[in-house]
Structure formats: structure tokens, C-alpha cells
Amino acid sequence: MLSRVAAARGERSPIMSTVRFGPDFVWGAATSCYQIEGAATEDGRGPSIWDRFARLPGKVLNGDTGDVACDHYHRYRDDVRLMRELGLDAYRFSIAWPRVLPEGRGRANAAGLDFYDRLVDTLLEAGIAPWACLHHWDLPVALSDRGGWESRDIAGWFADYAHLMAGRLADRARHWFTFNEPNVLAWLGHATGVHAPGIRSRDATLAAVHHINLSHGKAVEAIRDAAPAGTQIGVIASLQPIHPAREDEAHARAAETIDLFWNLAMVDPLLLGHYPDALAAMLGDRVQSGDLETIAAPLDLFGLNHYCRQYAVPDPDNPFGAGLTAPPDDRPVTDVGWRIDGSGLADQVARIVERYPKLPIYITENGAAFPDGPDAAGAVHDPDRIAFLDEYLDAVARARDAGADIRGYFVWSLMDNYEWELGYSKRFGIVYVDYRTQDRIPKSSYRFYQELIDRHRSG
Ligand code: GCO
């Protein structure tokens, strides 16, 4: 069924034909500080491990850094205007730890705190709920140099940061996430080294897994202490069904290993109160008395980031002997090679519902990279992204119909931005960013999402 906007352009816009989500469903968009803010050395911000990592030869495509990114630090009012015109209920952003605590601890940076005050107030003025994420991978260099996630001390440093930010913003920001994708932070940052801090070590990964989980638990306590009653606290995990790329014993073992670290290591202890046995054995006495109780601090919501099924292979270069590979057939993929298959989201939700105690679920990231660009008239048409969103939103609706308590959806991303080791080469936004001029151009997927929200708001 063609939407009005798409019909006018003759685009294929299979906007969902019926209102599938209730009036209370939260429609959002997500970004992260290092990927959009820029102003990396402005107003007292300290360096993060991504500022350092991006400058290492060969780590990031084209040597791209987040120095300028989308210049959101200066353009946030215009970006909030785009969110308001979109009709968003909520906006998921992350706070740059080194912008508010340049040394990671101790002296707070007033200009950094003021920025997040202004952002939160501007969102509220636009009728958009600010959903704050404390950590989206940009650890202050000063703390990395003191051991980073390998040091047990980081749990206290993170809790102090959490207390500072909740005390400053939680009177207005009523939803908080401790980490974005702690599983990806541990695995890509410490086992594969593809992300900052760029470590490839079994011991570093095991230490990071546990200390990130411990930091989460202590931060939940700190937020509860600093924030008004009723503040909603959760964690965001990137969870994907893991399949052996080939049907043999070695590939099956590789899939089990990836599933253990990618899907279970940073969720089981939080929601079940214990590690899977295989991982508990590897962690050994890193887990001290009382840690599991701290880590399992009760949560109010669960953020699921989902993109695609993943395919595992044996990898002798990986500290745990397992890695990921491209999908083993020629079905459609996005511009970063991720399979387009909404059933993967449905399967992942079903696993969460079956394995963990009931918690409200929010899809806190879902989206796709495609090689978008303006046409001769300066418009950006992205029918592939519209089709992707329609397929995955249909999967969300089906999962809800099957009983999953999914209460919202945040598209990744509001705007094109810094895609980590891929730099600015991949575009995930529903708004196009011209990095030369910093102009924003709403894509046709922006109009699709706007119409979808409007349709559900008007019922
Ligand atoms: C992630 C991160 C985002 C990415 C997005 C596309 O899930 O990896 O949360 O920062 O940019 O997912 O890869």
C-alpha cells in the first residue's frame, strides 16, 4: 500500500497497511555522542579512547575521527527541530563521559554539564522525552590509562559518573540506560580489537566482561540514589541469533562461543543473577563475593538492539577461537553486509521472552546502511531503507501479537553519522548529512517514519 508521500513521488513505500501498535507505543530515534557531537576538544572536553584509537594508523577507514562528526554539539537545536517535525515521542542519546569528567573522575566540567542541560531542556520544550545512555564506548583516556575496563576500580569510577549525571538530569530525563551494548564493548574492544581500546586478549576480555557488568550494577545503585523515585533504568544489549556458517562440529563450537560472549555474558548475570557455567569457569575468582548480587540490581526496562542474524566460524587468531563471517548465501544484505531478515528479530525477541524474567522491552536500535545520496533535485530517496523498516516493524508487530511486551522502537539512526571503524563511509540515518556543509536532508525514509508515527498517533 503506497503512502501519500511515496505515491506522490512514485516510490515503493509499503507503509504498514494497518495501525499495528497501540497509542502508548513509544516512537523514537537513537544516536550516540561520539558518533554525532564533534567539538572533540571544545569547552573542556577530555580525550576518549575513540579519539586516541581513530588516530592509530589503519584502525579506522580513511583515518576518520569524531573530531567534527555531525557538529551536533553546535547544531543540536536544529536537530531537535527535525525530531519534533518527525513527531518523535522520545530521543535516545548518550552522554560523553570525557565531556563532563575530562579526567573520568574528580573535577566536573561545567561547560560539559551545561550542554546536556541545554539538550534535555530543548528536547522537553519540543515535547520529546530525553532517554539518556551513560556509556556508548567513549571511555576517558585518563581512566583507560589506569586500566580501563580491565581494572576492577572502574566500577567505582563509573558509579560516581552515573551519580553525577543522574543528579544533574534525572529530574527531567526519566529514562536511563547504563550501557549501550556492553557485549560489543567487551568483545570488539578486548577480544577482536576492531574497536577501541583495540585489545586482543583472553584475560582482558574476561576482566572487561565482569568489570563492565559490575559497573552496570553499581551504576544502577547510584542512579537510584541520585534520581527521583520512578526513574526508569535499564541496559541496552545488541543481541542477534548466532548460526554456524557451516554444518560441522568446529563451526558449531564457534557459534556456541560467540553466543556465549555476544548474547549471554552481559545479560544472564543482569537478569538471571548468574553467568552461564562455561563462562563462570573462565571468570574464576574475578567474580568476588557479592558481585553477582550487585550486577543483578533490579531493572525497569530492557533495550534490545537488533540488526541481523550472525554467522560463526572457527578463528585461530581470536583469543577464544571463534569469529564472525558474512552470511553464507546471496540473500539481500545492507551496505555493511548484514542480512535483511525480519524473522531474526522475531527469533531474538522470542529467546529473550523465553529465557529471562518479564521486563518491558524497547527496540532501542534497528536500522540499515544503504549508499544514499541526493539526486539532481537535491532529494534523497531511500526505498531500500523504507522496505527494511517496514519488514522489521512488521516483525516487531508480530512479536507483540505473539505476546512480547515490546513498548517502543528507536530507529538507528536519526541522522547519518560516524560508523566507528568504518568512519563516515556508511549511512544509517533517516536524515542525510552532507559532511562538507553539515546540511541535513530528510530522506524519504524520514517521511515514511513521520507518516507511520502520525498514523499511529491519530489512531
Ligand atoms: C552498534 C552501535 C551503533 C552503531 C549501529 C550501526 O549497535 O554497533 O550501538 O553505534 O553505529 O549499530 O552499526
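User: Into how many nonpolar, polar and charged residues does the lining of the largest cavity divide?

Analyst: The model is predicted: local features require pLDDT of at least 70 and side-chain atom pairs count only at pLDDT 80 or more, while totals for chains, interfaces and linings use all residues. Residues are numbered from 1 along each chain as its sequence is written, and side-chain values use heavy atoms, without hydrogens and water. Ala, Val, Leu, Ile, Met, Phe, Trp, Tyr, Cys and Pro count as nonpolar, Asp, Glu, Lys and Arg as charged, and the others, Gly among them, as polar. On this scheme the lining of the largest cavity has four nonpolar, two polar and four charged residues.

User: How much space lies in the largest cavity, and which residues line it?

Analyst: On a 1 Å grid over the protein atoms alone, a cavity is a set of points where a 1.4 Å probe fits but cannot get out, a pocket is an open set with protein on both sides within 12 Å along at least five of seven lines, and lining residues have an atom within 4 Å of a point. Grid points are joined across faces, edges and corners, and a volume is the space filled by probe spheres set on the points. The structure holds four cavities of 30 Å³ or more. The largest cavity has about 50 Å³ of space, and its lining consists of Cys33, Tyr34, Glu37, Gly38, Ala40, Arg45, Gly66, Ala96, Arg99 and Asp138.

User: Which residues lie nearest the centre of the largest pocket?

Analyst: The largest pocket has a volume of about 730 Å³. Its lining comprises 18 nonpolar, 10 polar and six charged residues. Of the 34 lining residues, those nearest the centre are Leu188, Trp262, Gln310, Trp338 and Glu421.

User: Which elements give two or more residues to the lining of the largest pocket?

Analyst: Helices (H or I, at least four residues) and strands (E, at least two) are DSSP runs, numbered from the N terminus. The largest pocket is lined by 34 residues. The elements giving two or more of them are helix 9 (182-190), strand 8 (310-314) and strand 9 (322-325).

User: How far apart are the end C-alpha atoms of helix 6?

Analyst: The expected span of a helix is 1.5 Å times one less than its number of residues. Helix 6 (residues 110-125) has 16 residues and should therefore span 22 Å. The distance between its end C-alpha atoms agrees, at 22 Å.

User: Against which elements do the buried residues of helix 6 pack?

Analyst: Buried means under 20% relative accessible area, exposed over 50% and partly exposed in between (1.4 Å probe, protein chains only). In helix 6, the buried residues are Gly112, Leu113, Phe115, Tyr116, Asp117, Leu119, Val120, Thr122 and Leu123. Contact means heavy atoms within 4.5 Å. These residues pack against helix 2 (33-36), helix 4 (72-86), strand 2 (90-94), helix 5 (97-100), strand 3 (129-135) and helix 8 (154-169).

User: How wide an arc do the buried residues of helix 15 cover around the axis?

Analyst: In helix 15 (residues 342-355), Gly342, Gly344, Leu345, Gln348, Val349 and Ile352 are buried. They lie on the same side of helix 15 because of the limited arc that they cover around the axis. The arc is that of the directions from the helix axis to the C-beta atoms, and here it is only 155 degrees.

User: Is Arg385 buried or exposed?

Analyst: Arg385 lies in helix 16 (383-401). Leaving aside neighbours within four places in sequence, its contacts include Asp372, Arg427, Phe428 and Lys443. Its relative accessibility is 1%, so Arg385 counts as buried.

User: Which residues does Gln240 touch, not counting those up to four places away in sequence?

Analyst: Gln240 is found in the loop between strand 5 (232-238) and strand 6 (242-244). With a relative accessible area of 2%, Gln240 is buried. Gln240 touches Trp262, Asn263, Asn305, His306, Tyr307, Cys308, Gln310 and Gln348.

User: What is the relative accessible area of Gln438?

Analyst: Gln438 lies in the loop between strand 12 (431-434) and strand 13 (439-442). Although it is not a glycine, Gln438 has a positive phi of about 65 degrees. Gln438 is buried, with a relative accessible area of 7%.
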